[in-house]
Amino acid sequence: MSEPTSGQRPLLEVESLHKSFGGITALDGVTFEVKSGTLTGLIGPNGAGKSTTFNAIGGILQPDSGTIRFSGEEITGESPDRIAGKGLVRTFQISREFRNMTVIENMMIAPTNQRGESALQSVTPGLREDVSEQEERIFERAWEMLELFDIDHLALENAGALSGGQRKLLELARALMLDPELLLLDEPFAGVNPTLEKTLIDRVETLRDEGHTFLLVEHDMDMIMDHCERVIVMHQGDTLLTGTPEEVQSEERVVEAYLGGSGV
Ligand SMILES: Nc1ncnc2c1ncn2[C@@H]1O[C@H](COP(=O)(O)OP(=O)(O)O)[C@@H](O)[C@H]1O
Ligand SMILES: [Mg+2]
């Protein structure tokens, strides 16, 4: 298990990902690492390939080539369920069918929904545990997460009745039901008011401090620069560079990418 090298092995290693849709090259050599316990930002102009990268990592999309390793193990091309089962989860929008269910029901269903039948067992590794005991544990975790995100008072509301921002909190709380080691967040603050945005980022930082790792796509540069310890910059399907917020901001190439100066 232990690496011969001095530094700790990165939690996520993405190497040379390529993906085309018909004639469109969406990913053209994406390569980066995410260190365990960090809140890492992934930035880049619209169409840079951020969401496609997330889809490839989460197993929703097969890359044409390249490799993805999680905790040192290759996961390229595995199903989203299997990948989630290993502790790598991305948030999903609450789909139509779930909007008619209450918030707490959405939370309770999350593990089975995303991980298949084995979910209950992975939440509670004790094999012969009583089903009602398992449910109780899941219920307790659900409440814990609703409290963490300040939406416990909405537990009995239909998910469809929540504001856009509250729904974002629910999506995040639900993804955390799986107690993921790495959580991929694709623009989690879109349409969220500043107060809720602050709640969200505070909670993310708390969870980061507890050892969870986050990879965050976000357009708000101030948010990225204030809260991420590492930033990965994408442009036209490729990764330009990785660095601290200060390093990234002082890079000519980043400024150019954002101003379209290098758009060939
Ligand atoms: N399913 C798809 N079919 C065709 N083109 C796609 C598809 N998904 C993404 N693309 C294209 O791939 C490129 C990268 O898109 P995307 O990953 O969504 O960028 P970002 O999230 O950085 O804005 C864009 O040119 C986009 O139009
Ligand atoms: Mg996107």
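The expected span of a helix is 1.5 Å times one less than its number of residues. With that in hand, let us work through some exercises on this predicted model.

**Exercise 1. Helix α6**

Task: How many residues does α6 have, and what distance does it reach from its first C-alpha to its last? Then find which residues of α6 are buried and on which side they lie.

Solution. 
- Step 1: Start with the extent. Helix α6 runs over residues 131-148, which gives 18 residues.
- Step 2: Compare the spans. From first to last C-alpha, α6 reaches 26 Å, close to the expected 26 Å at 1.5 Å a residue.
- Step 3: Pick out the buried positions, using the cut-off of under 20% relative accessible area. In α6 these are Q134, I138, R141, A142, M145 and L146.

**Exercise 2. The surroundings of ligand 1**

Task: Which residues surround ligand 1, and which element supplies the largest share of the shell?

Solution. 
- Step 1: List the shell. F21, I24, A26, P45, N46, G47, A48, G49, K50, S51 and T52 surround ligand 1.
- Step 2: Sort by class. The shell holds 5 nonpolar, 5 polar and 1 charged residues.
- Step 3: Assign elements. Both β2 (24-34) and α1 (50-58) supply at least two shell residues each, and the largest share, 3 residues, comes from α1.
- Step 4: Go down to atoms. A polar side-chain atom of T52 lies 2.6 Å from a ligand 1 oxygen atom. For G49, a backbone N or O atom is 3.0 Å from an oxygen atom of ligand 1, and for A48 the corresponding distance is 3.2 Å.
- Step 5: Follow α1 itself. Here 7 of the 9 residues are buried, namely K50, T52, T53, F54, A56, I57 and G58. Just after α1 comes G59, with a positive phi of about 85°.

**Exercise 3. Two buried residues**

Task: Are T239 and P188 buried or exposed, and what does each lie a stated distance from?

Solution. 
- Step 1: Locate T239 in strand β10, residues 238-243. T239 is buried because its relative accessibility is 15%.
- Step 2: Find its partner. A polar side-chain atom of T239 lies 2.9 Å from the backbone nitrogen of T31.
- Step 3: Locate P188 in the loop between β7 (182-186) and α8 (194-209). At 10% relative accessibility, P188 is also classed as buried.
- Step 4: Compare sequence and space. P188 and I201 are separated by 13 residues in sequence and by 9.5 Å from C-alpha to C-alpha.

Notes
Residues numbered from 1 in each chain as written. Chains lettered and ligands numbered in written order. Predicted model: local features only at pLDDT ≥ 70, side-chain atom pairs only at ≥ 80, totals over all residues. Heavy atoms only, no water. Near = heavy atom within 4 Å. Polar contact = N/O pair within 3.5 Å; in protein donor to acceptor, adjacent residues only side chain to side chain. Helix = DSSP H or I, 4+ residues; strand = E, 2+ residues; numbered from the N terminus. Nonpolar A, V, L, I, M, F, W, Y, C, P; charged D, E, K, R; others polar. Buried < 20%, exposed > 50% of the residue type's maximum accessible area, 1.4 Å probe, protein only. Arc of directions from axis to C-beta.
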